[in-house]
Amino acid sequence: MIRIAAVGDVHFGEDSRASMRADLEALEESADLLLIAGDLTRHGVADEAAVLADELDGLEVPTVAVLGNHDYHCGQEKEIRDVIEGSGVHVLEGEHEVIELDGATVGVAGTKGFGGGFAGACATDFGEPEMKAFVRHTQAQADSLREVLSDIEADARIVLLHYSPVEATLVGERLEIYPFLGSYLLAEAIDDVGADLVVHGHAHNGKEKGLTPGGVHVRNVAQPVIQRTYNLYCLGSDDDPVC
Amino acid sequence: MATQPTYLAQKIRAGLAKDPRVAELGIQVEVKEDLVFLWGEVATETRRDAVDQVVRELAPDFEVRNEVTVEELRAPNSVEELS
């Protein structure tokens with residue numbers, strides 16, 4: 001079995017210091033892996049990332065994160081990534097990481113993702129350059145996700161996103177903003193390859209649980225949704241089905 | 001010419017997103033007559049106060065009813081088993 005802790009949208013600033021540390025230290029007993037689904041900072045400055053880096057520094061559990069839209073707001077996404085990686089966290093953008101656990105391996109494919117909406121009500125690669133750029137950015141995100149997910153050789157495959165691949169975990173948000181919260185292209189890439197779990201954030205007013213059209217579990221772990229420091233999930237395996 | 005409530009509400013939403021003291025996209029805003037109503041959830045009391053301050057700067061002639069709440073985080077008390 002593989003025990004996963006996951007949270008997104010922690011939106012750290014100086015006033016967040018020590019808000020999660022005690023619960024994070026408890027992960028040593030309860031989880032094999034911690035996933036953070038983007039929006040690490042409030043408005044995308046490296047100083048805010050430094051506070052989160054302090055919070056995560058020295059944790060025993062392997063931690064993997066992606067960036068979110070807030071982390072890009074001030075053009076410091078590279079600095080934010082560097083600061084977070086300095087605390088030992090793997091930050092992924094169109095990349096994967098295979099984590100060796102005691103008796104199993106888990107591969108995490110991570111990317112921010114982007115919007116565009118869902119099949120039947122989505123943006124199209126057509127029209128003005130700005131519209132085409134919007135759609136093509138999500139297509140590029142989905143294409144890289146498909147590629148890095150395919151490259152994973154591990155007992156379990158997990159996808160870590162900021163944007164949502166499905167509508168189901170957006171229920172509660174206004175319908176009009178669904179195109180800014182995710183894209184079916186992300187689910188299509190995941191279903192083309194297969195995965196055991198998808199974790200995302202971004203939709204603070206959404207709901208936790210969904211499925212891709214191909215049947216992959218999707219969990220919206222934005223902190224305002226789960227109302228917890230993190231949520232805990234357990235993936236059973238053929239050899240160890242009991243969690 | 002008075003600003004239509006719809007546009008003032010949107011100006012406030014945009015201001016709450018862009019002002020680095022707040023940087024929140026999820027605060028709900030409604031403007032009725034000379035009142036601005038705010039709902040939503042933020043992580044700390046400091047951020048709630050910042051929402052209040054920024055809105056008063058954006059709408060100085062309006063009364064602000066700030067019903068934004070501060071989220072309370074708890075550790076998980078269960079594990080979901082995924083097959």
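## Exercises on a predicted model

**Exercise 1.** In chain A, what share of contacts between residues at least 6 apart in sequence join residues at least 24 apart?

*Solution.* Take the contacts in chain A between residues at least 6 apart in sequence; 73% of them join residues at least 24 apart. Keep in mind that the model is predicted.

**Exercise 2.** Describe the fold of chain A by its elements and its overall dimensions.

*Solution.* Start with secondary structure: chain A has seven helices and 13 strands. Next, compare the radius of gyration with the globule rule. The value is 17 Å, close to the 18 Å that the rule gives for 243 residues, so chain A is as compact as a globular protein of that length. Then box the C-alpha atoms along the principal axes: they fill roughly 50 × 45 × 30 Å.

**Exercise 3.** Characterise burial, surface and charge in chain A.

*Solution.* Count as buried any residue under 20% relative accessible area. Buried residues then make up 54% of the 243 in chain A. Last, the charges: chain A carries 16 positive and 44 negative side chains. The centres of these two sets lie 6 Å apart.

**Exercise 4.** Which three residues of chain A supply 28% of the area it buries against chain B?

*Solution.* First, list the partners: 27 residues of chain A are in contact with 22 residues of chain B. Second, size the interface. The two chains bury about 2300 Å² between them, with 45% from carbon and sulfur atoms. Third, name the contributors: A:Arg42, A:Gln227 and A:Arg228 supply that 28%, more than any other three residues.

Technical notes: Residues are numbered from 1 along each chain as its sequence is written. Chains are lettered from A and ligands numbered from 1 in the order in which they are written. This is a predicted model: local features need pLDDT of at least 70, side-chain atom pairs count only at pLDDT 80 or more; totals for chains, interfaces and linings use all residues. Side-chain values use heavy atoms; hydrogens and water are left out. Helices (H or I, at least four residues) and strands (E, at least two) are DSSP runs, numbered from the N terminus. The radius of gyration is taken over C-alpha atoms; the globule rule is 2.2 Å times the number of residues to the power 0.38. Buried means under 20% relative accessible area, exposed over 50%, partly exposed in between (1.4 Å probe, protein chains only). Contact means heavy atoms within 4.5 Å. Accessible areas come from the Shrake-Rupley method with a 1.4 Å probe; for residues, only the protein chains shown count as cover. Lys and Arg count as positive and Asp and Glu as negative; His and the chain ends are not counted. The place of a charge is taken as NZ of Lys, CZ of Arg, CG of Asp or CD of Glu. Buried area is the accessible area (1.4 Å probe) that two parts lose on being put together, summed over both.
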